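Here is a short tour of one protein model, written for reading beside the structure. Please keep the viewer open as you go.

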Amino acid sequence: MGKVETLSRVGTQGIALEDVERRISQASRALGQLAGPDGHWCFELEADATIPSEYVLYHHFRGSIPTPDLEAKIANYLRRTQSAQHGGWSLVHEGGFDMSCSVKAYFALKMIGDSPDAPHMARARDAILSRGGAAHANVFARTLLALYGEVPWTAVPVMPVEVMLLPKWFPFHLDKVSYWARTVMVPLFVIQAKKPRAKNPRGVRIQELFTQAPERVRHWPAGPQESSPWRPVFAAIDRVLQTVEGAFPAGSRARAIDKAVAFVSERLNGEDGLGAIFPAMVNAVIMYECLGYPEDHPLVVTARSSVEKLVTVKEHEAYVQPCLSPVWDTALAAHAMMEVGGPDAEKRAKRALDWLKPLQVLDIKGDWAASKPDVRPGGWAFQYANPHYPDLDDTAVVVMAMDRLQSRRSPSEDAADYGTAIARAREWVEGLQSRDGGWAAFDADNTYHYLNYIPFSDHGALLDPPTADVTARCISMLAQLGETRDTSPAMARGIEYLIADQEEDGSWYGRWGMNYIYGTWSALCALNAAGFDPEAAPVRRAAAWLAAVQNPDGGWGEDAVSYKLEYRGYERAPSTASQTAWALLGLMAAGQAESPAVARGINYLTRTQSADGLWDEERYTATGFPRVFYLRYHGYAKFFPLWALARYRNLKRGNSLRVAVGM
């Protein structure tokens with residue numbers, strides 16, 4: 001048994017700058033070699049077993065069975081990710097049992113051909129049955145099971161397609177939910193109306209996963225809203241809809257379906273797909289086909305192609321990415337390269353930013369314009385193309401990278417001219433500020449919180465309200481562009497929102513990264529950029545919190561259970577390279593570059609660097625939807641640790657310990 005590293009051991013203390021420099025050189029060289037020929041980066045983005053399982057079941061629904069080789073590789077992935085502890089599947093590496101994920105993975109493996117009597121299938125079945133059976137899966141899982149005839153449609157809350165005809169003042173309207181909800185739900189409305197049945201050419205069923213016959217179930221689980229005072233109201237509405245939904249007038253139903261199809265077709269986004277996210281893409285294909293579109297119809301061909309672009313095939317395994325992350329990866333890697341500095345790294349950063357520049361959305365007013373109709377477009381999307389849905393986080397990070405490169409290059413060099421792009425992006429970001437002073441990811445004022453309690457939203461992620469991490473990024477951008485609280489009302493309001501959102505222990509909640517470490521890093525960068533003194537109370541409290549949650553090995557780690565409904569504090573987890581880097585960048589933004597905590601964190605990164613110059617990271621450190629869907633960005637362990645090491649070197653060798661950029 002190996003020794004347990006502790007903060008008191010000599011081996012976890014400081015490290016010579018010369019050694020740090022060598023590590024930076026190794027890592028920057030390795031990162032640079034992973035860029036594409038055109039200068040951009042796009043790393044794998046991995047979710048849980050749900051997505052590859054749904055991919056298999058989507059094909060068998062259509063009768064378009066994948067090749068035996070691909071199915072075998074997906075089966076290898078599903079078997080490997082099955083938990084040895086509880087026998088089911090988790091939403092994160094080494095996580096707890098998740099019913100919906102486990103039901104889908106079992107169904108997919110059985111569909112591929114694994115025998116129910118195989119030991120791994122028996123373990124999975126026992127894990128599912130011991131926790132109440134497949135009837136306890138969530139709404140999306142039960143919808144899939146209804147399409148296969150495994151549960152009756154009464155197991156699924158009614159979302160009539162006539163929703164498409166509701167006026168904007170109505171309590172439920174598409175403009176009132178998030179972008180991801182819109183793109184997933186609209187084709188699903190049509191699917192629910194048509195109720196197609198899976199072709200299921202192998203005739204696979206999973207009735208053995210139910211503790212009682214599904215048609216006898218009278219009360220289907222409702223998720224977190226089970227205890228909400230809204231629950232009886234919405235449950236009563238659903239009971240009425242279950243009774244009358246089949247009797248809606250044919251004329252209004254036809255108009256609603258036409259409007260849903262028009263919505264999807266306008267946003268189909270070529271081979272990058274509806275919303276550029278897997279669930280929406282799959283629903284689009286099924287929608288077209290259940291309406292009778294022929295397989296060779298251009299819209300169907302395009303929609304099917306978008307799904308296949310997410311399949312990631314390796315030597316022995318295959319899985320399906322939930323979406324692709326080139327803009328995010330490229331912008332963050334460019335920041336890391338600029339932190340490294342020097343001609344080679346800055347040349348790579350410029351090539352990356354030149355690749356990003358034409359991806360700015362300047363000609364399409366996306367769904368965000370429903371609440372901000374007078375704002376001109378100017379943002380970047382997360383994916384290669386998703387013009388109806390640019391996001392504030394990517395846009396702010398791209399702008400800061402462009403401004404940073406432009407401001408450091410002399411006219412005699414191959415000068416970067418990003419001024420026009422920066423100005424348009426800034427205009428868009430300022431225009432998308434919400435009434436409360438914060439910024440959300442894709443929309444403004446998407447705060448109709450009662451909608452998270454409708455039966456369909458048992459995942460509790462129907463909305464896109466402002467968050468501390470995105471707000472912090474927008475503040476950082478404005479500050480880096482030269483604004484102050486005195487010159488920018490938007491920035492002043494954003495800072496008020498951010499300060500008010502700080503937790504009692506000094507941390508900030510991180511919506512899009514796991515979790516309080518991510519949020520606290522983001523907020524500290526913003527406060528530093530906005531000119532807060534390191535001794536200011538919010539900064540001092542946050543820095544003290546980060547130092548207090550450092551692991552004994554010198555790194556930082558946080559578990560997904562930090563997102564439990566009732567906040568009771570940060571949940572410690574084994575150290576990871578990306579979370580350690582966030583904590584270090586946060587502490588350095590708080591003026592703590594010479595603190596023992598930072599020295600130990602830098603030591604951790606140097607000790608855990610792999611022979612290839614990068615870092616290994618199996619744990620999930622990013623968030624799709626809290627408590628429901630998490631992400632493992634394969635690039636995070638490649639550029640964030642490099643960024644932190646280079647920042648440390650630069651501050652230690654500079655004349656000031658103050659970070660001079662927004663992040």
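Predicted model: local features only at pLDDT ≥ 70, side-chain atom pairs only at ≥ 80, totals over all residues.

## Around glutamine 579

Leaving aside residues up to four places away in sequence, glutamine 579 touches Met514, Ile517, Trp556, Gly557, Glu558 and Thr621 (contact means heavy atoms within 4.5 Å). Glutamine 579 sits in helix α20, residues 577-589.

Residues are numbered from 1 along each chain as its sequence is written, and side-chain values use heavy atoms, with hydrogens and water left out.

## Domains

The domain bounds come from an automatic or database domain assignment:

| Domain | Residues |
|---|---|
| domain 1 | 29-45 + 323-653 |
| domain 2 | 49-57 + 65-137 |
| domain 3 | 149-204 + 217-321 |

Between the C-alpha centres of domain 2 and domain 3 there are 23 Å. Their contact draws on 19 residues of domain 2 and 21 residues of domain 3. About 1700 Å² is buried between domain 2 and domain 3 (accessible area, 1.4 Å probe, lost on being put together and summed over both), with 67% from carbon and sulfur atoms.

## A helix pair

Helix α7 (residues 179-194) and helix α10 (residues 278-290) have axes, lines fitted to C-alpha atoms over the stretch in contact, that come within 8 Å and cross at roughly 30° on a scale from 0 to 180 degrees between N-to-C directions. Among the contact residues are Val184 and Leu188 of α7 and Ala280 and Met287 of α10.

How values were computed: Helix = DSSP H or I, 4+ residues; strand = E, 2+ residues; numbered from the N terminus. Buried area = accessible area lost by both parts, 1.4 Å probe.
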